[in-house]
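This report covers a single chain. Please read it with the sequence and the structure at hand.

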Amino acid sequence: MPILLAENAVKGTNLTPVINQYMGEMDARFGWLAKQVREKIVDDEFLGGSLVTNAYDYPLQTEKLEGFMKWLAAQEDEGILEIIRYEGRATVVHTGWQDIYVKRGYSKGIVWAEKKMDELGIAPPETDVAIGAVLGGPVHADALGMMYLRNFTELKGITAAMDQKISRVLADGMMQGKNPRAIATDLAGRNGVIKKLGLQRARTLARTETARAFDEASLNRYVDYKVEEVDWIYGGGPCPSNVCPDGAAGSPYKIEDARGLIPAHPNCTCAWGPVV
Ligand SMILES: [Zn+2]
């Protein structure tokens with residue numbers, strides 16, 4: 001089967017603004033966190049004037065480190081995850097600020113699927129139905145709910161990985177008696193842990209999860225039309241180890257086999273097209 005080259009621009013330009021806004025919000029949130037960390041360490045002299053360690057002040061250093069990590073977790077809850085904890089309640093509530101981007105990506109996937117069906121001359125049964133009504137259907141609402149949860153959980157995982165690294169860098173810095181300013185740079189500087197590890201992964205999350213919402217939406221919409229097979233439409237562009245051209249060449253796919261195959265990498269712009 002010949003490899004179809006996507007009207008690459010279609011998915012590309014449709015999703016670019018959503019991805020950029022999602023990534024932009026990650027920039028703002030991790031940038032804010034970096035600022036808090038720098039202020040805490042440098043301005044508040046949180047780690048104390050002298051960091052020279054000897055065997056006797058070891059417990060004190062441990063307390064400082066533990067205190068810092070506790071403070072950091074609270075900052076992340078507030079500024080990155082937007083977790084709200086109610087006194088005496090075990091359940092964690094979060095605002096779901098990421099949901100809007102997932103929903104936009106998903107909506108664009110619905111529009112794409114309808115366009116592809118229209119190109120095949122298959123009159124959509126609900127052409128005049130607003131996207132909102134489509135999204136309210138049980139399958140789509142359920143899929144969206146799963147994706148909201150996934151986006152939040154992934155972001156939580158990123159902060160956990162970042163915290164582990166921050167704790168290590170902080171402990172090493174304290175043991176070496178490093179200048180607090182240098183430690184702050186290691187953590188919150190341009191090449192520090194927050195930007196290099198946390199933000200970088202968060203930006204990748206924004207990119208891939210927006211595309212994933214788009215792709216899942218298109219598959220779910222095809223199912224609404226009783227489509228059973230889809231073509232992997234190669235989006236072009238740089239692609240590690242040729243996974244996308246190879247994937248496209250393997251078309252068609254049964255819808256259940258297609259799920260999760262794309263995005264095949266963070267910059268994947270491939271899309272699903274219906275086979276009828
Ligand atoms: Zn691809």
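Aspartate 163 is partly exposed in this predicted model. The count behind that label is 16 other C-beta atoms within 10 Å. A buried residue would need 20 or more, and an exposed one 12 or fewer. Aspartate 163 sits in helix α5. Leaving aside residues up to four places away in sequence, aspartate 163 touches Met69, Leu72 and Ala73. Leucine 72 is 91 residues from aspartate 163 along the chain, yet their C-alpha atoms are separated by 8.1 Å.

With residues up to four places away in sequence left out, isoleucine 122 touches Met117, Tyr225 and Val276. Valine 276 is 154 residues away along the chain. The C-alpha atoms of isoleucine 122 and valine 276 are separated by 9.4 Å.

**The chain as a whole**

The chain has nine helices and five strands. From the N terminus on, the order of elements is α-α-β-β-α-α-α-α-α-β-α-β-α-β. Of the 276 residues, 36% are buried. Take the contacts with a separation of 6 or more: residues 24 or more positions apart account for 80% of them.

**Helix packing**

Two packed helices are described by the angle between their axes and the distance between the axes.

| Helix pair | Angle between axes | Axis distance |
|---|---|---|
| α3 and α7 | roughly 40 degrees | within 7 Å |
| α3 and α5 | about 135 degrees | 9 Å |
| α5 and α7 | about 165 degrees | 10 Å |

Start with helix α3 (residues 99-119) and α7, whose axes cross at roughly 40 degrees. The two helices are therefore oblique to each other. Their crossing is right-handed. On the α3 side the contact includes Tyr101, Val102, Tyr106, Ile110 and Trp112. On the α7 side, Ala206, Phe214, Ala217, Arg221 and Tyr222 are among the residues involved. By class, the contact of α3 with α7 holds 12 nonpolar, four polar and six charged residues.

Next comes α3 with helix α5 (residues 138-175), packed at about 135 degrees. That angle makes α3 oblique to α5. This crossing is right-handed. From α3, the residues Asp99, Val102, Lys103 and Tyr106 meet Leu144, Met147, Tyr148 and Asn151 of α5. Five of the residues in the contact of α3 with α5 are nonpolar, one is polar and two are charged. Val102 and Tyr106 of α3 take part in the contact with α7 and in the contact with α5.

How do α5 and α7 run relative to each other, roughly parallel or roughly antiparallel? They pack at about 165 degrees. That makes α5 roughly antiparallel to α7, because angles over 145 degrees count as such. α5 passes α7 in a right-handed crossing. The contact of α5 with α7 divides into 15 nonpolar, five polar and five charged residues.

**The sheet and its helix**

Three strands form an open sheet in the order β4-β3-β5, with antiparallel pairing. The edge strands are β4 (253-254) and β5 (271-275), and each pairs on one side only. Strand β3 (residues 229-233) pairs with β5 over five bridges, in the antiparallel sense. Valine 230 stands opposite proline 274 in β5. Aspartate 231 stands opposite glycine 273 in β5.

Helix α7 (residues 193-224) lies across β3 and β5. α7 runs at about 10 degrees to β5.

**Drawing it together**

Helix α7 lies across β3 and β5. α7 also packs with α3 and with α5.

Note on methods: Residues are numbered from 1 along each chain as its sequence is written. This is a predicted model: local features need pLDDT of at least 70, side-chain atom pairs count only at pLDDT 80 or more; totals for chains, interfaces and linings use all residues. Two strands pair if DSSP finds at least two bridges between them. Helices (H or I, at least four residues) and strands (E, at least two) are DSSP runs, numbered from the N terminus. Two residues are in contact if their C-beta atoms, placed from the backbone, lie within 7 Å. Axes are lines fitted to C-alpha atoms, for helices over the stretch in contact, and angles run from 0 to 180 degrees between N-to-C directions. Angles under 35 degrees count as roughly parallel, over 145 as roughly antiparallel, 65 to 115 as roughly perpendicular and the rest as oblique. A crossing is left-handed if the near helix is turned anticlockwise from the far one by less than a right angle, and right-handed if clockwise. Ala, Val, Leu, Ile, Met, Phe, Trp, Tyr, Cys and Pro count as nonpolar, Asp, Glu, Lys and Arg as charged, and the others, Gly among them, as polar.
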